[in-house]
Amino acid sequence: MSVIDIFNTSTAAVPRVSSSLFGTGASGSGILDGAATVFGLAPAANVYTATSDIEAINLTINSGIKLNMNGYVLYVNGILTLVDATSIVAMDAGNANGITAGVGIASTASTLGRTGQTGSTGRSTTGNGTATSAIGTSIGAVGGTGGDSGTSTGAVGGAVTLPTVVHGSYKSLDFLMRKCRALSGTTNVVFGGSTGGGSGGATTLVDTATSGGGGAAATDLVVWARSIVGVGVLRSKGGNGGNAASTLTGSAGGGGGGAGANVYVVSGTTPLPCTVSSVGGTGGTGSGTGGTNGADGGVAGTYVFYI
C-alpha cells in the first residue's frame with residue numbers, strides 16, 4: 001500500500017489542536033546521538049530501544065541512529081527532527097539466523113498489545129518446512145514462503161483475515177485513538193498483526209543440510225508528532241529469513257521473510273518530509289542443488305492523518 005493521507009483540517013504550520021493528542025511531554029526533550037543515555041535508554045550499536053511509551057517535548061534523531069519503539073507509542077508534543085535519511089524511527093522485527101527463527105515482540109511488553117509473530121524454525125533433516133500459524137481477524141500482512149530443496153518444499157507464512165465492515169474503519173483517526181488506549185498485554189481483534197515467515201525445506205540424503213528459519217513479523221508503529229522536520233524514515237519492518245547451509249549432495253531452502261506491519265502517523269506537518277513505509281523482511285538464500293531462496297515478507301499499510 002502507498003501512503004494514505006486521511007484528512008487535513010488545518011493549513012497552519014502548527015495547528016491549533018489539543019496538546020494532549022501529542023502527549024504530555026513528560027519525557028522531556030532529547031537528542032539521540034548513539035552515545036548519550038536519553039529517556040533512560042542506553043544505545044547499543046547506534047540503536048535505542050524503547051521500554052515504555054515516549055512522551056517527548058522535542059526529539060532529535062541524529063544521522064545513523066535508530067529508535068526502535070519495541071511495541072510502544074512515540075508522542076512528540078513539539079518537533080520531531082529526523083536529521084537525514086539514516087535517522088530512523090522503527091518497529092523492526094527480529095531476523096532469523098540460519099536455522100534459528102526470528103523472534104517477535106511479546107504482546108505483554110507493548111502498549112499496543114499485539115504480538116509480533118515469531119518465524120518458523122528451520123530443519124536439519126529431510127522434509128518440508130514448517131508454516132507459521134494463521135491469526136484471527138487483523139490488519140496485517142502475510143510472511144514469506146520458505147524456499148524449496150528438491151522434493152521438499154518450503155512452508156508458507158500464516159494467513160491473515162482482514163476485518164469486515166462490522167469492525168469499523170481502521171483508516172479513521174477515531175480507530176487510531178481507540179487503539180492507543182488499548183491496555184498493555186491485551187489482544188485487540190482488529191489491531192495490527194502480521195505473520196512470520198515459513199521455514200525452508202531440506203534434503204539431506206547422505207550429507208548435511210539445514211534450511212533457513214523464518215523472519216519474525218513486525219508490529220505496528222504509531223507516531224503522534226505535532227511537527228516533523230527532516231527526511232528520515234518512519235517504518236515497520238519484518239525480520240529477514242535465515243540463510244540455508246548444506247554440504248555436497250545436501251540442499252535446503254532459505255527462510256521466508258517476516259511481514260511488515262502498519263505505520264500510523266498523526267501530525268500537523270503537511271506534507272510529511274520523511275518516508276513512511278511498511279517493509280517485508282528479505283527471504284534467506286537457498287543452498288545446494290535445488291535449494292531456492294525464501295520469499296520476501298508481505299507489506300502492510302501506511303496511514304497518515306493531518307490535523
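## Strand β13

Strand β13 (residues 233-237) is mostly covered, since five of its five residues are buried. Buried means under 20% relative accessible area, exposed means over 50%, and partly exposed lies in between, with a 1.4 Å probe and protein chains only. Strands here are DSSP runs (E, at least two residues), numbered from the N terminus. This is a predicted model, in which local features need pLDDT of at least 70, side-chain atom pairs count only at pLDDT 80 or more, and totals for chains, interfaces and linings use all residues. Residues are numbered from 1 along each chain as its sequence is written, and side-chain values use heavy atoms, with hydrogens and water left out.

In a regular strand the side chains alternate between the two faces of the sheet. In β13, Val 233, Arg 235 and Lys 237 point one way, while Leu 234 and Ser 236 point the other way. Strand β13 pairs in the parallel sense with β7 over five bridges; two strands pair if DSSP finds at least two bridges between them. Met 91 stands opposite Ser 236 of β13 in this region. Strand β13 also pairs with strand β17 (residues 275-279), again in the parallel sense and over five bridges, and here Leu 234 stands opposite Val 276 in β17.

## Strand β6

Seven of the nine residues of strand β6 (residues 74-82) are buried, so this strand is largely enclosed by the rest of the structure. Strand β4 (residues 54-61) runs parallel to β6 and is joined to it by six bridges. Ile 54 stands opposite Leu 74 in β6.

Strand β12 (residues 221-229) pairs with β6 as well, in the parallel sense and over six bridges. Leu 80 stands opposite Ile 228 in β12.

## Aromatic pairs

Rings of Phe, Tyr and Trp (its six-membered ring) pair if their centres lie within 6.5 Å; planes under 30 degrees apart count as stacked, over 60 as edge-to-face and the rest as tilted. By this rule the count comes to two aromatic pairs. The rings of Tyr 75 and Trp 224 have centres 6.3 Å apart and planes at 25°, so this pair is stacked. Tyr 75 lies in strand β6 and Trp 224 in strand β12, so the pair ties together parts that are 149 residues apart in sequence. Both Tyr 75 and Trp 224 are buried.

The rings of Tyr 264 and Tyr 303 have centres 5.1 Å apart and planes at 25°, so this pair is stacked. Tyr 264 belongs to strand β16 (residues 263-267) and Tyr 303 to strand β18 (residues 302-306), so the pair ties together parts 39 residues apart in sequence. Both Tyr 264 and Tyr 303 are buried.

## Two residues of a loop

Ser 120 lies in the loop between β7 and β8. At 7% relative accessibility, Ser 120 counts as buried. A polar atom of the Ser 120 side chain lies 2.9 Å from the backbone oxygen of Thr 130, and the side chain of Ser 120 reaches the backbone nitrogen of Thr 132 at 3.4 Å.

Thr 126 is found in the loop between β7 (88-92) and β8 (135-137). Thr 126 is partly exposed, with a relative accessible area of 43%. Its side chain makes a polar contact with the side chain of Thr 204 at 2.9 Å. A polar contact is a pair of N or O atoms within 3.5 Å; within protein, one must be able to donate a hydrogen and the other to accept it, and residues adjacent in sequence count only if both atoms are side-chain atoms. The C-alpha atoms of Thr 126 and Ala 252, 126 residues apart along the chain, are separated by 8.9 Å.

Notes
Helices (H or I, at least four residues) and strands (E, at least two) are DSSP runs, numbered from the N terminus.
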